Amino acid sequence: MANPIALPLYEKIPRKNTLQRLFDILIFFLLLSLLIYRFLFLKNHGLTWLLAFLCESWFTFTWSLVISTKWNPVDYKTHPDRLLQRVPELPSVDMFVTTADPLLEPPIITVNTVLSLLAIDYPAHKLACYVSDDGCSPITYYSLVEASKFAKLWVPFCKKYNIHVRAPFRYFSSNPQTFGGSSSDFQQEWKRMKDEYERLSHKIEDAVQKSVPSDFTGDFAEFSNIERKNHPAIIKVIWENKTSLLDGLPHLVYISREKRPNHPHHYKAGAMNVLARVSGLMTNAPYMLNVDCDMFVNNPKTALHAMCPLLDSKSENKIAFSQFPQVFYGGLKDDPYGNQLVVLFKYMGHGIAGLQGPFYCGTGCFHSRKVIYGLSPDDVDSVNDNTINHNGEKTANNILSNFGSSKELIKSGADALKGKTDPPPNLSNSIQASYQVSGSGYEYGTSWGTKVGWKYGSTAEDVHTGLMIHKRGWRSALLSPNPPAFLGCAPSGGPSAATQQKRWATGLLEILFSKSCPIFATLFGELQFRQCLAYLWILMWGLRFIPELCYAALPAYCLIANSHFLPKVQEPALYVLAAIFIIYNVYTLSEYLRSGQSVRAWWNNQRMSRINTTNAWLFGFLSVIFKLLGISETVFEVTQKDQSSDDASDAEAGRFTFNESPIFLPGTTILVVHLTALVVSLLKLQPPARDGHGSGLGEVFCSVYLVLCFWPFLKGLFGKGRHGIPSSTICKSTALALLFVYFCR
């Protein structure tokens, strides 16, 4: 029998993907052959042919990035049982939960996430949970105080009966026999726990309806006369594991950082840096987990899985963070908004894992504190407390010189870099210093947000921070245990989904157009070339609207002006186009079917790809252009979060919703333009073809295909309420469509 000490804590297993590679290359060569054909006959055709050539050149370039990214997919297999045998004392973990708006992110969702974190299978005295409330809401604080009381019952119950699902709302939505047992003692305790949780839910619900949980006395005095964007820091130790009990309750700390109107607060990145500083003073754990407020722990052994690559001797100085895929619970059937990301993570995610490692996704990620503080792989051994030398001391001093004026924070930072963990025996001893580092002006004159901590300058602070970590030469690991480590809720409405997509496109383009561009990171840093291509693939999402919008306009233009941009039936190149269309769609459909998705889910994702690109990503691009021109700053827009249910019987579930936002204007215009073009073609209202070659069946097919892609908008033209496109948007779209027809003529 193999010695467990000699066995690795994780394995990196390559996936077999020979067939996938063949299809990828086949599509690439078909695209290249189409481009060659276009180029050779460019002089014989007009502007439409040139535009098609440019758009298809972009599609070919994008596909080459996809091929590079997906070429070497890997799976990480972790062995937490070996970890427990090999590591006599597990390292401490500070767990961060971020929330920003009690209306868009209801406190009951945050509470369930916190309860699931407090109950994970990990020594309680090694854990501390910090909740950042950027909304400075007394209701959120009240909810956490009440949740800490329930946690004293919930955590022992989970560990006694080895409950797998440790978010109460999710657990109690199922039959008790499903997650626990059938003994009479268990049944009684299950009913007691459910009653206690329902009381907790009612208390929080009552507080939300009253808007204030108390009369702002005692513990709530600091919340009186608070303005959300203008208030001092509030830090509360809700629960402290003073006796350091192994099976007790982890520390629970509430933080609302100081905000002032004239001081930039840098949205989520700013909140994460305050959490890093305050936790550094209070507990200074060598590892940090961050989750969004809706992302609860679904696998109680998550922390043990994460530690396997971080603590393995062969990768301890190579892997900076363990990232878990985003998986969603209670999602709408067939993914009508195309935002459940199942296939994206399975193929692109595991492909990136085979390079320098997955991107940091902003939630469900375990970080090394010394890496977040700015340490490079080459400097890890030199600053270690046991082997520190002159160069190591110089490196540590360079990093700490950018920490700010807090002597306590500098000392804790020095300990973290050296691998020492000697936090104060009492959390309250660090309160005063914590207020100092939570101040709105603390970061002035420091490198927080640039060289230290989470990076500023983009609303996609997660990808930005991960890119800068990879630039220093670190790697990362993508872990996909069964069951999934975390579950969250995906936006369940048109406006929410569009807001999320716009924010992503905005943040990604901000990185692309900055000094942090991955091209510079490869030329002047340690970012690997293919990892650079993978970053370019995602960062250029916001640019894709340009070729997609042009390509979408071409069939409509050709039908109205009686021109053509596709080869004629008698030309062999038409078969190349048909082959690309058929092979690509069959190929992507097979990916969805192999991932356990339905044909309907595949189609929903195909059409949402068109909708997101021409709507949300267009507005993301405009936001960045306005920022670069100095007209306005980008804004971090919080996405509406709901406790989704698995009940798919709701007749309205999955129906596309709209609002007055201009984000739906481009999509509505595209639909109206193509409907007009089809009517013009059907009624033969086109002018005579200039070169004797007018529009044909190819252009009609493309136009019909786009109408099918924008089918939710077609239904929205005749819908009512939130399922209907507002009349003001329809009027504007009609005017733009008429203008387009006029210019076509």
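Analyst: Glu105 is buried, with a relative accessible area of 6%; buried means under 20%, exposed over 50% and partly exposed in between, for a 1.4 Å probe and protein chains only. The model is predicted, so local features need pLDDT of at least 70 and side-chain atom pairs count only at pLDDT 80 or more, while totals for chains, interfaces and linings use all residues. Residues are numbered from 1 along each chain as its sequence is written, and side-chain values use heavy atoms, with hydrogens and water left out.

Glu105 sits in the loop between strand S3 (93–99) and helix H4 (107–118); helices (H or I, at least four residues) and strands (E, at least two) are DSSP runs numbered from the N terminus. Setting aside residues up to four places away in sequence, Glu105 touches Thr99, Ala100, Thr110, Cys293, Val638, Thr639 and Lys641, where contact means heavy atoms within 4.5 Å.

An unreviewed UniProt entry annotates Glu105 and Asp134 as "binding site"; UniProt positions follow the numbering used here, feature names are shortened, and annotations may be inferred rather than shown by experiment. The two residues span 30 residues in sequence, yet no two of their C-alpha atoms are more than 11.2 Å apart, so they gather at one spot.

The feature "binding site" is also placed by UniProt (unreviewed entry) at Lys268 and Asp292. These residues span 25 residues in sequence, but no two of their C-alpha atoms are more than 10.1 Å apart, so they too gather at one spot. Lys268 belongs to helix H8 (residues 267–282) and is buried at 13% relative accessible area. Asp292 belongs to strand S7 (residues 287–292). Beyond four places in sequence, the contacts of Lys268 are Thr98, Asn290, Asp292, Gly362, Glu461 and Phe636. With the sequence neighbours within four places again left aside, Asp292 is in contact with Thr98, Thr113, Lys268, Gly362 and Thr363.

The UniProt record (unreviewed entry) also carries the annotation "transmembrane region", covering residues 22–41, 47–67, 533–554, 574–593, 614–632, 663–683, 695–713 and 725–744. Residues 574–593 are 100% helix and 0% strand, with end C-alpha atoms 29 Å apart. Residues 614–632 are 74% helix and 0% strand, and their end C-alpha atoms lie 22 Å apart.

The cysteines form zero disulfides, a disulfide being a pair of cysteine sulfur atoms within 2.5 Å. Cys55 is in none, and the nearest cysteine sulfur, that of Cys550, is 4.8 Å away. Cys55 is buried at 4% relative accessibility. Cys744 is also buried, with a relative accessible area of 8%, and the closest cysteine sulfur, in Cys558, is 8.8 Å from its own, too far for a bond.

A cavity is a set of points, on a 1 Å grid over the protein atoms alone, where a 1.4 Å probe fits but cannot get out, and lining residues have an atom within 4 Å of a point. The largest cavity holds about 60 Å³ of space, with points joined across faces, edges and corners and volume taken as the space filled by probe spheres set on them. Helix H17 (494–512) and helix H22 (599–614) each supply at least two residues of its lining, whose members include Gly494, Met608, Phe656 and Phe664.

Terms used: 1 Å grid on protein atoms, 1.4 Å probe; cavity = no way out; pocket = protein on both sides within 12 Å on 5 of 7 lines; lining within 4 Å.
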